[in-house]
Structures are given as C-alpha cells and as structure tokens.
Amino acid sequence: MTDTVDDVDLPYEDGASQQEKLEALEERLEILEQQNEEMRDKLLDANAENNKYQQKLERLTHENKKLKQSPLFVATVQELTGEGVIIKQHGNNQEALTEVTDDMREDLAPDDRVAVNNSLSIVKRLDSETDVRARVMQVDESPDVSYEDIGGIDDQMEEVRETVEMPIESPEMFDEVGIDPPSGVLLHGPPGTGKTMLAKAVANQTDATFIKMAGSELVHKFIGEGAKLVRDLFELARQEVPAVVFIDEIDAIAAKRTESKTSGDAEVQRTMMQLLAEMDGFEDRGQISIIAATNRFDMLDRAILRPGRFDRLIEVPKPDFEGREIIFDIHTRDMNVADGVDYTELAEMADNASGADIKAICTEAGMYAIRDDRTEVRHEDFEQAWRKIQETEEADADVSKTFA
Ligand SMILES: Nc1ncnc2c1ncn2[C@@H]1O[C@H](COP(=O)(O)OP(=O)(O)OP(=O)(O)O)[C@@H](O)[C@H]1O
C-alpha cells in the first residue's frame, strides 16, 4: 500500500508560515534522498552477494551431483562377438556378455579398458592404463622443496628426518645393529600445514624420487582399479629406489570399516588390504619410505596403525605465533617488500592462519600492489589481503553450512 499525503507525518506545525513549511519540506526531502541513496547501495551490495551465493550454489550442486553418481566398474574387453561384447570385470575376474550400441562397438577393440555400470552396460572406453597411473601418481625425481622453505614445525621436521633420512642414507647401520628400520610415517593435522612439503623436502635431501598418490583419486573414480594401482605404486617405487612414497588423503582408503555393504565400500576395503599387504611384505624397507597424510585422523581404521605399518604418528598443527612470523618471512623472501612491513604484527593479525593461508596472504598482498601500479608491497597490502582471505573463507563456510 502506498502512503497518501494524509498518512504522511508532515515535518512542520499547523501554524507554520509558507516559508517555514518549504524549508522543513526541503530538509525532509534531503534526508529521504540520502536514505534512498543508502538503500540503493545496500540493494546493490545485496545483489552482488546474491550473485556470489548463486554461483557457489551452482558449483556445490554440480559437485553434489557428481558425488551422487553411482560408481562405475572397470572391465577389459575380451572379444567382440556376433551376440555382443565379452568383458572381464576387474576385481572379481568374472566374464560377462553385454550388448552395445553400433557406435560404441565401432570404438572398441579387444584389450580396451572400459567402464561399466551396475547392469554391466559399457558406459565408456577408458584411457590407457598409463594415463590412469599418471593421473593418480605424481612422480618427481627431484622435488624443489628444502627444509629452509618450511617454518614453524621444527620438531615434526626433526622427527621425519630421523625416521626417513637415516634408513635411506645409511641402511647398513640398521643391518649391523640388527634392527628393522622404522616403518611408515603418518602425518596428521589440518589442511595446508606443510605435510606434503615435509615429504618433498625429505625426498630432496636424500636424493630420493618423490612419488605421490592421492587416496581419493584411487577409489572414487572407477571400481576395480584401486588395489591394482597400489600394487603398481609399490612396483614403481621398487624401480626408483631410493624413493619416498607419499600417500595423501589416506583416509579415503583407510577409513574405519562401516556396516554398509555397497560395492564402493568393498572396493575401498580391497584397496586398503592391498596397501597393508604391500607394507607388511616390504623387503626394501628403508630404501623406500612411506609417508602418508590425513586431515581426518579420527576416521582412520586402527589396522593401519598397527606396529610395523605406520608406527610414527606425527601431528602437524597450525603454526603458533612464532611459526607464523617465520612463515611470513619465508614467503616474502623473494618479494619486494617495503620498509614498514612488520612481520610481528602480521603474525599477530593472522591468528589461526595455516601455512597455506600465509602463503595466500603474501600472494594476494602482491596482487594489491600490482593493481595499484606499485612494485613494492606495503604493510597495508598484507592487512587487506588477510581481510579478503577471511571473508572468502567465511563465505565458503556459510555456504557449506547452508547446503550441508
Ligand atoms: N609450515 C609451512 N611453512 C611454509 N610454508 C607452508 C607451511 N605449511 C604450508 N605452507 C604453504 O602452503 C602450501 C601447501 O602446503 P602443503 O601442501 O604442504 O600442506 P598439506 O599439509 O599437505 O595440506 P593438505 O592436507 O591440504 O594436503 C605449501 O606449498 C606452502 O606454500
């Protein structure tokens, strides 16, 4: 309903002169215009915010859909016959005859790897095995991270060095003393605290090949591949000794056993069993070091923590005040930083930041300088960068809460 003139509370007394009325009305008009302006600004902000959430919503909906899709199984084409295609499923080695469209049939040849759904229909032809390995395993003959690049986790670094370096550099010591070298190291702690860096640095120091495998990639894509890829991983490590095998997100393959009996769970189980078998029957222990990492220590199956497997559990926490100061120092080493930049203040400001957050603050601060057409990064650039990163993190947290 719109206000009529009668409803409006007039800003002057009944007996006011024409001049007084005019002035009062002008004053009121000015206030209303100002309020209108403020409302318009707020509306614009709200629209921008709304757009941002819409985009996030779309992204999350898309991810959600992807996760809900039922997993596909992997099989190998055995033969193309008049009645259909004979495939052999990985994992259980069972053969099956399945029908395919003419288009798909033209695309297939014996020995091709294919993805099949629950009813064993071929959904697509897969990349060659080498492509899958390349996706899941990242091999780096000489990673470029050194101990000087890591800040605030000296005790953890010492422990990793002690466990990994000695057996690779002086395996004879263990032989002579007559003990087995320490087995795997499990690093656990929040994201972005330097777990991957630690593994890379120790590989660099010992001239070992760094082989990284992501747990989630192993089991979430195609069923029937996980166990084989674990075997391939150890095979590759044996060819590359000395090697540091880094298994990231190990919780994806070593989560506590659940009651559900879905095929996905069985696959995860098989992959984990293969990993345990490889770790137990490990003859090159020492020359191949296994470092695993997780952000979800609470979720791990205790079987993985039994002696002889990961018997060094090292917590890698977020840096404390001093650690943050050092990490700021590390990440600004190559930056053109103005005289007034105070790392102590920055470390106080970025309370609760991880190493990865600090790295992001430094990069973003550099971006502020560039946007401002400067080549020198100032203290306020870092402050502005931290505010921006916090806002983004808060918005992300809100969105995940809303759509959880
Ligand atoms: N302690 C640290 N010192 C210096 N830089 C760090 C530190 N921790 C993290 N960073 C920075 O953050 C980036 C990401 O760190 P890294 O990948 O090692 O974390 P992570 O603990 O393995 O994380 P995630 O659990 O998410 O895999 C590094 O490349 C580095 O730039």
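I take helices (H or I, at least four residues) and strands (E, at least two) as DSSP runs, numbered from the N terminus. I worked from a predicted model, in which local features need pLDDT of at least 70 and side-chain atom pairs count only at pLDDT 80 or more, while totals for chains, interfaces and linings use all residues. Residues are numbered from 1 along each chain as its sequence is written, and side-chain values use heavy atoms, with hydrogens and water left out.

**Entry 1: Thr-271**

I looked up Thr-271 and found it in helix H9, residues 263-280. For burial I used relative accessible area: buried is under 20%, exposed is over 50%, and partly exposed lies in between (1.4 Å probe, protein chains only). Thr-271 counts as buried because its relative accessibility is 0%. I then listed its contacts (heavy atoms within 4.5 Å). Leaving aside neighbours within four places in sequence, I found Thr-271 in contact with Leu-218, Val-219, Gly-226, Ala-227, Val-230 and Ile-253.

**Entry 2: the chain as a whole**

I noted 13 helices and 12 strands in the protein chain. The chain has 404 residues, and buried residues make up 40% of them. Of the contacts in the protein chain with a separation of 6 or more, 71% come from residues 24 or more positions apart.

**Entry 3: nonpolar cores**

I defined a nonpolar core as a set of buried Ala, Val, Leu, Ile, Met, Phe, Trp, Tyr and Cys residues joined through side-chain atoms within 4.5 Å. Which residues touch the most other members of the largest core? In this core of 33 residues, they are Leu-218, Ile-247, Ile-250, Leu-275, Ile-304 and Phe-310. At least two residues of this core are supplied by each of strand E8 (209-214), helix H7 (215-220), helix H8 (226-239), strand E10 (243-248), H9 and E11. H8 gives the largest share, 6 residues.

I followed Phe-310 further. Not counting residues up to four places away in sequence, Phe-310 touches Ser-183, Gly-184, Val-185, Leu-186, Ile-250, Met-279, Ile-290, Ala-292, Ile-304 and Leu-305.

**Entry 4: salt bridges**

I counted a salt bridge where a side-chain nitrogen of Lys or Arg lies within 4 Å of a carboxyl oxygen of Asp or Glu. The count by this rule is 17 salt bridges.

I looked up Asp-149 and Arg-333, which form a salt bridge with their closest N and O atoms 3.4 Å apart. This pair links distant parts of the chain, 184 residues apart: Asp-149 is in the loop between strand E6 (137-140) and helix H4 (154-169), and Arg-333 is in the loop between helix H10 (321-331) and helix H11 (343-349). Asp-149 is partly exposed at 22% relative accessibility, and Arg-333 is partly exposed at 47%.

I next found a salt bridge between the side chains of Arg-309 and Asp-280 (2.7 Å, N to O). Arg-309 lies in the loop between strand E11 (288-294) and strand E12 (310-315) and Asp-280 in helix H9, so the pair ties together parts that are 29 residues apart in sequence. Arg-309 is buried, with a relative accessible area of 12%, whereas Asp-280 is partly exposed at 44% relative accessibility.

Asp-351 and Arg-324 form a further salt bridge, with the closest N and O atoms 3.9 Å apart. I placed Asp-351 in the loop between H11 and helix H12 (355-371) and Arg-324 in helix H10, 27 residues apart.

**Entry 5: H10 against H12**

I checked how H10 and H12 meet; their axes come within 9 Å and cross at roughly 45 degrees. The contact is made by Arg-324, Ile-327, Phe-328 and His-331 of H10 and by Gly-355, Ile-358, Lys-359, Ile-361 and Cys-362 of H12. The axes are lines fitted to C-alpha atoms, for helices over the stretch in contact, and angles run from 0 to 180 degrees between N-to-C directions.

**Entry 6: Glu-383**

I located Glu-383 in helix H13, residues 379-402. Glu-383 is partly exposed, at 27% relative accessibility. Not counting residues up to four places away in sequence, Glu-383 touches Glu-345 and Met-349. I also recorded that the C-alpha atoms of Glu-383 and Asp-298, 85 residues apart along the chain, are separated by 35 Å.
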